[in-house]
Amino acid sequence: MLLVADVGNTNVVFALFADGAGRGAANGAAPEIKARWRIATDPRRTGDEYAVWLLQLLAIEGYAREDVKRIMIGSVVPRSLHNLTVLAQKYFNVEPMIAGEGGASWPIAIDVDEPRSLGADRALNAIAAHRKYDGDLIVIDFGTATTIDAVDYNGAYKGGIIAPGITLSLDALVGNTAKLPRIAIRKPDTDSVIGRNTEDQMQIGVFWGYVAMVEGLIERMRREIGRPARVVATGGLAILFDEHTSMFDAVDSDLTIEGLAILAGNATT
């Protein structure tokens, strides 16, 4: 089987696929996820610590370490790569593939000024979105940062936008003001944007302020692309915004890990 690890700034997501998942080029052919697990990102976590946690979870799902034949890692946290490589080599006897490197180099054009600076998560989102959806795409990832990326009808990554993530913005607001309380990220109780108390005003600013930013950037990006573009959203808060707005054409929570499986299916050894 294929084990993938998507290392983000906040969490590491592991997912298990049937070996050979992701091969082929037909649109809509998303690889099937057999199991997935999430753990907080900590670059200090050793390969041994990962193994104690992960091998137990594999067993709970009915799999043995010997079932894992290939491992693909995509990371935006370089310090985590060494310990995940130790995990693969020591506990699975597998030399891991690293997304964007060697035989797992990007199979799409990265049409920007500094291609090597593109985060693995954004390239993987582009790969998976192009596999699953036709035409020009705008891919939004609500992570630690919010990224909005343009992918053309040929699958080329054309560039995009990086903005502070909504949780990061709220942390900065609360952490740098003396009297503002910690609030949950949710839709305000009404659609009014004139809040009557401090918490309501914060909810409006966080939720509707973020909606206004994303809607405005989507519209500006669509005008610049000059062709119809489908908007695909991923990341933890995509579902929240999708429930209360019509910004997205599709919400795809597994885009990044599916991109890892597709990349593994195309990789050379």
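A pocket is defined on a 1 Å grid over the protein atoms alone as an open set of points where a 1.4 Å probe fits, with protein on both sides within 12 Å along at least five of seven lines, and its lining residues have an atom within 4 Å of a point. The model is predicted, with local features needing pLDDT of at least 70 and side-chain atom pairs counting only at pLDDT 80 or more, whereas totals for chains, interfaces and linings use all residues. Residues are numbered from 1 along each chain as its sequence is written, and side-chain values use heavy atoms, without hydrogens and water.

The second largest pocket is lined by 18 residues, with Ala99, Gly100, Glu101, Arg116 and Leu118 nearest its centre. Its volume is about 380 Å³, taken as the space filled by probe spheres set on the points, which are joined across faces, edges and corners. Strand β4 (residues 70-75) contributes the largest share of this lining, three residues; strands (E, at least two residues) and helices (H or I, at least four) are DSSP runs numbered from the N terminus. Twelve nonpolar, four polar and two charged residues make up the lining of the second largest pocket, where Ala, Val, Leu, Ile, Met, Phe, Trp, Tyr, Cys and Pro count as nonpolar, Asp, Glu, Lys and Arg as charged, and the others, Gly among them, as polar.

The largest pocket holds about 1,200 Å³ of space. Of its 47 lining residues, Asp121, Asp141, Phe142, Gly143 and Thr144 lie nearest the centre. The lining of the largest pocket comprises 17 nonpolar, 21 polar and nine charged residues.
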